[in-house]
Amino acid sequence: MTVTRSTEVTFSLNGQQTTVAAGTTILEAAQETGVEIPTLCWASNLTPVNACRLCVVEMEGSRALVPACSRECEPNAVINTDSERVALSRKMVLEFLDTTNDLTQSSELQTLIELYGADASRYSDPVRSEDPVKVEDDLFVRAYDRCVLCYKCVEACGDDAQFTFAISMAGRGFETRVSTEFETPLPESACVYCGNCVGVCPTNALQFKAEFDLRQTPDWDPESQTSTDTICSYCGVGCTLEVHTQDNEIFKVTSPSDHSVTAGHLCVKGRFGWQYVQPPTRRPPTNH
Amino acid sequence: MPDLKFSDAVPDSDERAVVDALISTPPVEQRSERWVIGGRAREEECRHLLLPGLHALQDTMGWITPGGLGYLAERLQVPIAEAYGVATFYELFELEQPDTEGPLHHVCVDPVCAISNSASYIAELRTKGHRVHESPCLGQCERPPAAFVQIKHGASQDLAAATKTPIKVAEAEPSRLLKRIGEIECTDLETYRRHGGYEALHLAINKGGEHVIEQLKKSGLTGRGGAAFPTGVKWEAVAAKDALVKYVVANADESEPGTFKDRVIMESDPFALVEAMTIAGISAGCEKGWIYIRGEYTTAAERMGAALTDATAWNLLGTNILGSPYNFDIEIRRGAGAYICGEETSLFNSIEGFRGEPRSKPPYPTDSGLFGQPTIVNNPETFLNVLEILNNGVESYRSAGTTNSPGTKLFCLSGDVSEPGLYEAEFGITLRELLVRAGGVTGDLQAILLGGAAGSFADSRHLDIPLTFEDTKAEGLTLGSGAVMVFSSRVDLSAVLMRLAKFFRDESCGQCVPCRIGTVRQHELLIQIGNRKPTSDNDLLLEEIAAVMTDSSICGLGQTAASAVQSAVQLGLIGDKQS
């Protein structure tokens, strides 16, 4: 018996006949054809968890909306990324997040809130996610009132990048949080301080201590900040680093998520080992 | 040694003992000079023992200590943060040391028990100094207020072993699924056999799986867990899969408020479930079955366990069953207090030792279910129908019910009726007839919650609708799990609605935004409305919250979390009806 396996899928995307390779997700197909679908928990360098539901689209014949980030294109499917139903769902997801978390440090979400007309003021006295900022070391801080539970940090710590498994989702329902075992402080946990969780966080719930400190001062000034590409000098792998500076002081180091060597992930040295380029006397004193 | 960092906390010797008793393999094992099993390979082998391990630790110490959890995690090579994430997912596990050593009383506060004064029972227990947890439905709605007592160092108890036999109406129409329940208690193999037990298995062995599946498809049997998917089609799909390992799973995590049918089946007719699962295994080429029983059903778990032992002793389970070439074994897993684990993919994750969060579908369980293998997953009531079809033939089976909803259905009647209990009736019976069989409504009928918390409200206008899948659907109702909760005019329906909203708020797994936050906002809004008439802004917001939960949640929990509230709005049951 001969088995013919189609390597291409043709379907309708917002009324346009579209052909993509079999196995392509709706989101990837949209990106290829220039159709915009908002995402939050999706990242090109992580496995889709489709938890935020911001990328939902309408698929004819499906009772519920489907997540574009993880649903593969199906032959003859009729997909609408821009219906009223879709817009309502996205608006509500944004309202839910805005009534729960501090989203002020995520410009992408602010833009979407504007775009979809999400109005948090419709809710009277909604319970919010409140958690004092965890400052446990000199490298990064955790401000979980900003955490939208997108799973990105858990994935990056686990089998999408680092294989350290220092953190997991804990609890259930609205009480769900990202946690080490028994809320153990990070320095005593399995954490190896690769900072890959910080690298993937979409809301700045995880941020460099240097950035956190700088934001506490009146000097924080995004306008004057620059990003410089360089190569990490520690070992022979040659990871690309993006060094973010303000007034010639480093406050953050990232790596591009589409980079062929790093896929956005670094180790503790590349991520945090930049103090040697700045004389210690110039660093602000720290009490922690 | 391992590449994972575990806890420095030291386990107690009792904790070591119970964990060692459960896990025979060492964390790292050298099988030959060049073959070492440890780390991820060990985790893949053993991770499904995490949930039983957590139960063992909880039972031993009365809570899960850092030392105990660390030891269990290390033995299983499961990252300790993940083990903590799993433990904190379940209601029955305590991760902080309780103030007292005494038992923990879980007392139901869901609607039926709430109108039967569970509040004063709770107050009484607290006055006596007991620890009380206000629990969601415990599946004992025919004898409210329901309670479940969790005891350190011992067998926790539901009140099911109890005195009151579930009511069966003898004079009624065909008694099929409940024929061995009531006067006869088929908890021993001999009695079960005397009452027709294991005839269907013989038939399945003699005629083969294809015949069984053909009969199921002709019978029109659909799943009784709520989704009503054709059972024969499901079995056929798994039978057609060319996989080395396939599974049969009984979803006995019965947690839908107002539902207790599967509990009664497992307590009173456990061999029937074992037999039907074995037939499923033979029919679809599966050699391993799992029964996932909700953690609060301790009596059911005990009796199912005893049934498995007996069945194995008589070669009704095991290898070459009754001399045939078929092999089949069944393992029991106890849940630990999480409504979401009744969602089939959450249930798989729970068995596998992960947090009980639902998976995205597709892939469906028939393609990738438990441990990623093709899996038949059915409700115990569905399994019992299979025996009925094989023993009496398709024609006889279809003689009851309607063309599109053939056979009989179990209905769990609770609340304001004279004789709450489990009733079997042909599809097509009306609510009015059903209420008459239960001795009528006590007081004036105000509303009926049909299908559980995830169902919808009906009132006197709906009394003559035939209870079939098609007729209820046409009316915007659902049979769901077969729960029929009756509320007379004495009941404050706003309080019932608020409790339902609280139920979903508590039971949402938290994975997706629409359900995690939507259930909270819905509950807050209902509290805000209280007994007032909702404003148009209130109505709009409730409707939009309902829309996003229904349209965009990952699983059925979020998708139905607004259904009862929305139906109450439509019937005008919400807020002060007089104003």
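This is a predicted model: local features need pLDDT of at least 70, side-chain atom pairs count only at pLDDT 80 or more; totals for chains, interfaces and linings use all residues.
## Domains of chain B

Chain B is divided into five stretches: domain 1 (13–87), domain 2 (104–149), domain 3 (189–397), domain 4 (408–488) and domain 5 (493–570). Taken over C-alpha atoms, the centres of domain 1 and domain 5 of chain B are 39 Å apart.

## The four-stranded sheet

Chain B contains an open sheet of four strands, and their order is β9-β8-β7-β10, with parallel pairing. At the edges of this sheet are β9 (329–334) and β10 (375–378) of chain B, each of which pairs on one side only. From one strand to the next, the twist averages 20°.

Six bridges join strand β7 (residues 247–252) of chain B to strand β8 (residues 288–293) of chain B, and the two pair in the parallel sense. Within β8(B), I291(B) is the residue that stands opposite A250(B).

## Helices on the sheet

Helix α13 (residues 270–284) of chain B packs on the sheet and touches β7, β8, β9 and β10 of chain B. The direction of α13(B) makes about 150° with that of β7(B). Helix α14 (residues 298–313) of chain B also packs on the sheet, where it touches β8 and β9 of chain B. The angle between the directions of α14(B) and β9(B) is about 165°.

## Helix α13 against helix α16

Two packed helices are described by the angle between their axes and the distance between the axes. For α13(B) and helix α16 (residues 380–398) of chain B, the axes come within 8 Å and cross at roughly 75°. Because angles of 65 to 115 degrees count as roughly perpendicular, α13(B) is roughly perpendicular to α16(B).

On the α13(B) side, the contact is made by A272(B), L273(B), E275(B), A276(B), M277(B) and I279(B). On the α16(B) side, P380(B), F383(B), L384(B), V386(B) and L387(B) take part. Of the residues in this contact between α13(B) and α16(B), ten are nonpolar, none is polar and one is charged.

## Contact with chain A

In the contact between the chains, 40 residues of chain B meet 39 residues of chain A. The elements of chain B that give two or more residues to its side are α4 (66–76), α5 (80–87), α19 (493–507), α20 (513–529) and α21 (536–552). Helix α20(B) gives the most, with nine residues.

By residue type, the side of chain B that touches chain A divides into 19 nonpolar, eleven polar and ten charged residues.

Conventions
Residues are numbered from 1 along each chain as its sequence is written. Chains are lettered from A and ligands numbered from 1 in the order in which they are written. Two strands pair if DSSP finds at least two bridges between them. Axes are lines fitted to C-alpha atoms, for helices over the stretch in contact, and angles run from 0 to 180 degrees between N-to-C directions. Two residues are in contact if their C-beta atoms, placed from the backbone, lie within 7 Å. Domain bounds come from an automatic or database domain assignment. Angles under 35 degrees count as roughly parallel, over 145 as roughly antiparallel, 65 to 115 as roughly perpendicular and the rest as oblique. Ala, Val, Leu, Ile, Met, Phe, Trp, Tyr, Cys and Pro count as nonpolar, Asp, Glu, Lys and Arg as charged, and the others, Gly among them, as polar.
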